[in-house]
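Here are some notes on how the parts of this chain are put together, written as numbered points for discussion. Please read them alongside the model.

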Amino acid sequence: MKLFIGNGLIVDPLRSYVASGSLMIEDGIITEVLFDGEEKEADFLIDARGKWIVPGLIDLHVHLREPGFEYKEDIDSGCAAAAKGGYTTICCMPNTSPVIDTPDTVSDIDKRAREGNGVQLLCIGAITKDQAGNEMADYKGMVSAQTVFTGMTGRGICGISEDGKTVMDEKVMIEAMNEAKKLRLTVFSHAEPEADIVRRDLKLVEQTGCRLHFCHISKKESIELIREAKKSGLPVTAETAPHYFTLDDSLVNGDPNKKMNPPLRTKEDVKAVAEALKDGTIDIIATDHAPHHERDKKLPFEDAANGVTGLDTSFQVSYTMLVKTGILTPIELIYKMSTKPAEILGIDRGSLLAGKAADIAVIDVEKQYEINPSDFLSKGKNSAFIGMNVFGETEYTIINGNIVWGGTENDRQIDEKN
Ligand SMILES: [Zn+2]
């Protein structure tokens, strides 16, 4: 199967170029990158004039709710929302039921995802058994589970996290970090209260030498701590999510769709997050996609569940708030949504060079529309951005050379046959 994506704007952070060009894809691999405007013969042609061609987006932080909470989201609906959002690889957090803390749970999720639309789903295992905060989960077992990630890196899980909770017992955290270091696993830290736990975890990184990634950073104070830690060479990375550089706490007004953990912060914090994205203190943008059913959200603010959806809207909000405003260049945005997440995971993705796996999104950044949850493929309609005017629509998402979003049903079936 030969696929030709013609004459779009290729944004490739790895080579730092933004240039009009085309890609030829054969048997799942990018075989040629062409800049001469020529149209080549192929089994399937995508006219990308006026569109961006970018390496498929990679999200290090999603909650797919399966197993256990399929009424909120399941692997199929979550992966459908991911493909529509331009995502080709996503990492799911372990706060499911059962918790992802054994090789069997990892294998079950991996199997379910492989039967799905093609989005590469990687598992993040729990730090402690049943996320109870006491006893280390079976990291070795989870690392040796055979998953789609094993095919990329030789390991079954892409990291460990207690997301949704913080490991409060420092001794347990040290033990976990020492073990993670031995297994070359990244620890994803859910830091709440944010600045206090960021401070503690930085100290533990210094002590253990373990690689640590801070989830959903939202506060100026924690950003300053991370900036200093990076200067001194600690192996840490950090993410934020679109709501933390778009919305501040004055906009909450008791709206449960603006309730998440960590909560929306002050205007000063929002500004600090944008600056940290620009100067690289915050390495990447993740979604913290946290879908909920209406019955958990349509409640008085105090009783409503924490979390907002993200996969359907993340690129659009980020592009509108960061690139349209001139805060980030197109290269910097795609770096933070694809190239750098790939580097953190240690996978050979996040670039459009010849020879790479054809994980690609074709995005119409001129397309303007209003965010409406009834357009979402996620089961969760709990967006913090309802009614926001944004730019950017994913025209095609391609994974290993197969069209998983865009075109007609028939185009996607043709692909499956090949
Ligand atoms: Zn989360």
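**Notes on the domain interface**

1. The domain assignment divides the chain into domain 1, made up of 2–53 + 356–367 + 390–417, and domain 2, which covers 56–345. The model is a predicted one, and the centres of the two domains, taken over C-alpha atoms, lie 28 Å apart.

2. In terms of contacts, 24 residues of domain 1 meet 23 residues of domain 2; in terms of area, about 1,900 Å² is buried between domain 1 and domain 2, with 72% of it on carbon and sulfur atoms. On the domain 1 side, the residues that lose the most area to domain 2 are Pro 13, Trp 52 and Phe 391, which together account for 29% of what that side buries.

3. As for polar interactions, there are zero salt bridges between domain 1 and domain 2, whereas seven residue pairs, with both residues at pLDDT 80 or more, are in polar contact across the two domains.

4. Which strands each supply at least two residues of the side of domain 1 that touches domain 2? They are strand 1 (2–12), strand 2 (17–26), strand 14 (360–370), strand 15 (389–399) and strand 16 (402–405), and the largest share, eight residues, comes from strand 15.

5. Sorted by class, the side of domain 1 that touches domain 2 consists of 16 nonpolar, five polar and three charged residues, a composition that may be read alongside the 72% of the buried area that falls on carbon and sulfur atoms.

Notes:
Residues are numbered from 1 along each chain as its sequence is written. This is a predicted model: local features need pLDDT of at least 70, side-chain atom pairs count only at pLDDT 80 or more; totals for chains, interfaces and linings use all residues. Side-chain values use heavy atoms; hydrogens and water are left out. Domain bounds come from an automatic or database domain assignment. Contact means heavy atoms within 4.5 Å. Buried area is the accessible area (1.4 Å probe) that two parts lose on being put together, summed over both. A salt bridge is a side-chain nitrogen of Lys or Arg within 4 Å of a carboxyl oxygen of Asp or Glu. A polar contact is a pair of N or O atoms within 3.5 Å; within protein, one must be able to donate a hydrogen and the other to accept it, and residues adjacent in sequence count only if both atoms are side-chain atoms. Helices (H or I, at least four residues) and strands (E, at least two) are DSSP runs, numbered from the N terminus. Ala, Val, Leu, Ile, Met, Phe, Trp, Tyr, Cys and Pro count as nonpolar, Asp, Glu, Lys and Arg as charged, and the others, Gly among them, as polar.
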